[in-house]
Amino acid sequence: MTLASIPNPDLVIAADNKPRWELPDYRRYGFHNLHRMARYSLSFRAPSVFRLMKQVDWRIGERLDVARFLAVPHFSAFVVIQGDRILYEAYASDFGPDRPHSIQSITKTTLNFMLGRCVADGLVDLSLRVRDYLPEIGAGYADATLRDVADMNVANDFSEDLNDPYATWFAMERDAGWRLPPEGEKEGTIRAFLCGVASDDLVNRTGHALYKSTNSEVIGWIVERASGRPLRDWLIEIVEAAGLEGCFHITCDREGVPLVNGGACLSARDLARYGLLFARKGEGVDGRRVGDAAFIEDTRRNPGPFLQKSRRYSRQTMTDGTWLGHGGWGGQYMLANPDTGTVVVYFSVLENKSASDSNFSDQLVEMMANLAAEV
């Protein structure tokens, strides 16, 4: 007797060339549960927890710019931390302080710590080409400098327009375990996918950042190759330095390569604890350090290509020259201000077709930046 099965309903391709968990009607559940829905994942905990004390400043919630973002239907969580004090936090009725949430591309910021340490230790040179570290890489990256890859300043054939259901991003999702391959096709791996990215001209002539999540995977691969340490060990070091209370979940491919471009899931408090590593320029708990303080400071001043308004892309972070942070697809943002020692975290799950809204994100970042500068 043959036992029958069906494709996993969360991961099988459904409407608009997307798996079910990404569709508007299921997306909120998907973002709240991606850590247990993806095909493969890793999970780390810290041996020592950075203790946070509540010292609520109710004026934060009364600010009109803050209240607006806490009232939208797609809101999940909001946390403001300064030093070791929780100044304010709020949660949607279907969420809470202990729940992990997909942070999507905020995951990329882990690479700033890794790359900064490699530069400080003389393991990598940002002026060298990708092929100097990864001779097997394809034409889409071989002749790009590490600096341009880290700053989202490379032109190639990888597309990440999520309004286009056939953007090549969705092919990488298959190899990253976020969806099942079409019937009859084999599931690949992240790094095999990277080697297949092509380009006839790597020069970015647009005058703004060319956002490509493959850039982050290339940086992660170089960090691993140059240091001789698996990305897993780098991530454990970051988790321990941040003193996270809950689990740091990160999805991976079938070879166990972590999806450093967007695979992490954290609670809002733990993402704020993590953001404090930027606010403290790499200083962690119990004397642990990550990244490099000079590299983090240079990241704020690096004249990377422009994003929206005054934001620039710099070494796997977004910055306006004062704060450091990153957004995540679907409505997430983490922002750290080293001058005030303040971190602001916002989770939401946009339910429009593309799960993105540039007007919403621009206004959200403005609110968070103002708050981090003023508290």
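1. Tyr 274 and Phe 278 are four residues apart in helix H10 (residues 268–279), so about one helical turn separates them. The structure discussed here is a predicted model, and in it both Tyr 274 and Phe 278 are buried.

2. Strand E12, which covers residues 342–348, is mostly covered, since seven of its seven residues are buried. In a regular strand the side chains alternate between the two faces of the sheet. On one side of E12 stand Thr 342, Val 344, Tyr 346 and Ser 348, on the other Val 343, Val 345 and Phe 347, and as these residues are all buried, both faces of the strand are covered.

3. Which strands pair with E12? Strand E3 (residues 75–82) runs antiparallel to E12 and is joined to it by seven bridges, with Phe 78 standing opposite Tyr 346 of E12. Strand E11 (residues 332–337) also pairs with E12 in the antiparallel sense, over five bridges, and here Ala 336 stands opposite Val 343. E11 and E12 form a hairpin with four residues between them, and in the turn Gly 341 has a positive phi of about 70 degrees.

4. A search of the whole structure finds 19 aromatic pairs. One of them joins Phe 95 and Phe 347, whose ring centres are 6.4 Å apart and whose planes lie at 80 degrees, so this pair is edge-to-face. The pair links distant parts of the chain, for Phe 95 is in the loop between strand E4 (85–91) and strand E5 (101–102), whereas Phe 347 is in strand E12, 252 residues apart. Both Phe 95 and Phe 347 are buried. Tyr 274 and Phe 278 also form an edge-to-face aromatic pair, with 6.0 Å from centre to centre and 85 degrees between the planes.

5. Ring pairs also link Trp 58, Phe 69, Phe 75, Phe 78, Tyr 88, Tyr 346 and Phe 360 into a cluster.

6. Leaving aside its neighbours within four places in sequence, His 74 is in contact with Arg 28, Ser 348, Val 349, Leu 350 and Phe 360. By contrast, the C-alpha atoms of His 74 and Leu 210, 136 residues apart along the chain, are separated by 27 Å.

Key. Residues numbered from 1 in each chain as written. Heavy atoms only, no water. Buried < 20%, exposed > 50% of the residue type's maximum accessible area, 1.4 Å probe, protein only. Helix = DSSP H or I, 4+ residues; strand = E, 2+ residues; numbered from the N terminus. Pairing = 2+ DSSP bridges. Contact = heavy atoms within 4.5 Å. Phe/Tyr/Trp six-rings, centres within 6.5 Å; stacked < 30°, edge-to-face > 60°.
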